[in-house]
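User: Hello! I am new to this structure and would like to explore it with you. Could we go through it step by step?

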Amino acid sequence: MRETAPRDRGTVAAARDAAPGDRVPPEWRPVRARSVVFRHDRVRGVDLLLLPERVVVLRGAAGSIVALCDGERDVTAIVAELARRHPEAPVDAEVPAFLDRLREEGWLR
Amino acid sequence: MTGLPPVAGPPRVTELPPVAGPPPVTEPPPVAGPPPVTEPPPVAGPPPVTEPPLVTEPPRTAAPELAPPGLTTPPEPEPPWALLAELTHGCPLRCAYCSNPIELNSRSAELTGDEWADVLRQAAGLGVVQTHLSGGEPLLRRDLERIVAAADEVGVHTQLVTSGVGLHEARLAGLVEAGLRSVQLSVQHPDPDRAALIAGARASRAKERAARLVREAGLPLGLNAVLHRANLDALDALVDLGLAWGADRIELANTQFYGWALRNRDALLPDPEQVARARRTLERRRAELAGRMELVWVAPDYVDATAKPCMGGWGAISLTVTPDGTALPCPAAAELLGADAPNVREQPLGRIWRSSPAFTRYRGEDWMREPCRSCELRSVDFGGCRCQAFALTGDAARTDPVCHRSPDHGLVRELVEAARDPAPAGAYVYRGPAPSDRTRAPQKAEVSE
């Protein structure tokens, strides 16, 4: 999928107030929960998480982050890999908080 | 039917990260579980701030004004997310609240396993990513494993919607092997005797066993309880039952009055005081169980006098295929569409979804009349339920009579006022098998407890 992640003004405002993900331990090795199916949707051109009664649409680069959650890489390695791919992006500030939010939802362990 | 109400069909679709304005697809239930994820976009590729909004409203049905009459083509609808596959109308239970139609399909009219595999392939190609394998009791199909495998092969997430009767260890193992992802189990009442009265059959032991097996297999377990006069006051015990059985989620679905349920409406309709008590219980248990178990509430539209955003809009998010291959925009639409309902045996699913009159008739807002046409809620509730408008007024294009703004609302108001009475539920009329199946051996024998 395309790596561009356009965002709207509302989301940018939210990003300013977001928690930096400080409470995410860097040695955590995130892995997708067993009941969650992660797949690409060719019809819509997006990545998805499929759960009972629920579909989560991973916009922009969200899918490429979830794809790195293989239980092998720790948070530090995931951030490093994404920083390499997107040197201009605020990876450090945003990725740990994103991963933490997915863990809260029960989609990552 | 194992208790899946029409409004519960489509999945909740969460956009992640969120976007400005209304998301393109949202789930109908008025009270959903966890809120959509509100994290900022995780990683921006190139500098993101100047980009346009990610997602805009799906195109509405306005044709270009200058196009010559007769030559306009309807806009391409968004692809469907989910398919409700009603594999059979056969069922060991005879629930008073069953929303399947009065006229059930006979077993001999059912699509074959090959035909279902083809339907699932077509659905996946169309954009379907989830299927609910329901009925009736889908476990009555001896080829259920093959149907699950066919869905899994094309990347479609499968959930079995079952009474639990007939779900033995070996059967479940075969289904999991075939790719089954999740199970939703119907529950009629936490008390076995009262449950038997509602279901017209004893099944509580089978359900308890089924729940245990599902948990042991490591699959997510949901319970579905259709709520009405005889069980709304048992909500606390129902939630406790869900906890004891290890459910991840309980769908508390107030009865939708379609099909057979309409026949039992007087006995099922709750006292509004019961609903108020149940809501207080719901809020208390939700606060207590946050993060442990999800409690989904499907609102009682009669009592609330509020139209539900049925199916997230007609032909907008999901579709149903009935045992004999009839394709419907909503599981309750068979009676409304009659002979106009398309069939997957006669035409491709894509054509049915995109351009069949059955699916385009109430898509969007062009079909609406007053008071919906100028109502600010029309993009929220989509005019309510077409099947309910048809069932209560004989005209499917009228405003849903449950809406307090409907000119027909008196029809519903009178019934709700008459139900304002603490007396227990009256006697039910139980349903039987389809007429042509009545000479067969009793279905209970095939899947006895």
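User: At roughly what angle do the axes of H6(B) and H9(B) cross?

Analyst: Happy to start there. This is a predicted model, in which local features need pLDDT of at least 70, side-chain atom pairs count only at pLDDT 80 or more, and totals for chains, interfaces and linings use all residues. Residues are numbered from 1 along each chain as its sequence is written, while chains are lettered from A and ligands numbered from 1 in the order in which they are written. Axes are lines fitted to C-alpha atoms, for helices over the stretch in contact, with angles from 0 to 180 degrees between N-to-C directions; those of H6(B) and H9(B) come within 9 Å and cross at roughly 35 degrees.

User: How does the contact of H6(B) with H9(B) divide by class?

Analyst: Helices (H or I, at least four residues) and strands (E, at least two) are DSSP runs, numbered from the N terminus, and two residues are in contact if their C-beta atoms, placed from the backbone, lie within 7 Å. Leu235(B), Asp236(B) and Val239(B) in H6(B) meet Ala278(B), Thr281(B), Leu282(B) and Arg285(B) in H9(B). Ala, Val, Leu, Ile, Met, Phe, Trp, Tyr, Cys and Pro count as nonpolar, Asp, Glu, Lys and Arg as charged, and the others, Gly among them, as polar. By class, the contact of H6(B) with H9(B) has four nonpolar, one polar and two charged residues.

User: Are H2(B) and H3(B) roughly parallel or roughly antiparallel to each other?

Analyst: The axes of H2 (residues 144–153) and H3 (residues 169–178) of chain B come within 8 Å and cross at roughly 20 degrees. Angles under 35 degrees count as roughly parallel, over 145 as roughly antiparallel, 65 to 115 as roughly perpendicular and the rest as oblique. H2(B) and H3(B) are therefore roughly parallel.

User: Now to chain A. In what order do its elements run from the N terminus on?

Analyst: Chain A has four helices and three strands. Of its 109 residues, 45% are buried. From the N terminus on, the elements of chain A run α-β-β-β-α-α-α.

User: What is the handedness of the crossing where H3(A) passes H4(A)?

Analyst: The axes of H3 (residues 75–85) and H4 (residues 91–104) of chain A come within 10 Å and cross at roughly 135 degrees, so H3(A) and H4(A) are oblique to each other. A crossing is left-handed if the near helix is turned anticlockwise from the far one by less than a right angle, and right-handed if clockwise. The crossing of H3(A) and H4(A) is right-handed.

User: Is Asp92(A) buried or partly exposed?

Analyst: Asp92(A) is found in helix H4 of chain A. Its C-alpha atom is separated by 8.5 Å from that of Ala80(A), 12 residues apart along the chain. With 13 other C-beta atoms within 10 Å, Asp92(A) is partly exposed.

User: Back in chain B, is Phe382(B) buried or exposed?

Analyst: Phe382(B) lies in the loop between H14 and helix H15 (386–393) of chain B. Although not a glycine, Phe382(B) has a positive phi of about 55 degrees. Since 26 C-beta neighbours lie inside 10 Å, Phe382(B) counts as buried.

User: What is omega for the cis peptide bond that joins Glu370(B) and Pro371(B)?

Analyst: Pro371(B) lies in the loop between helix H13 (357–360) and helix H14 (378–381) of chain B. For the cis peptide bond joining Glu370(B) and Pro371(B), omega is about 5 degrees.

Note on methods:
Buried ≥ 20, exposed ≤ 12 C-beta atoms within 10 Å, placed from the backbone.
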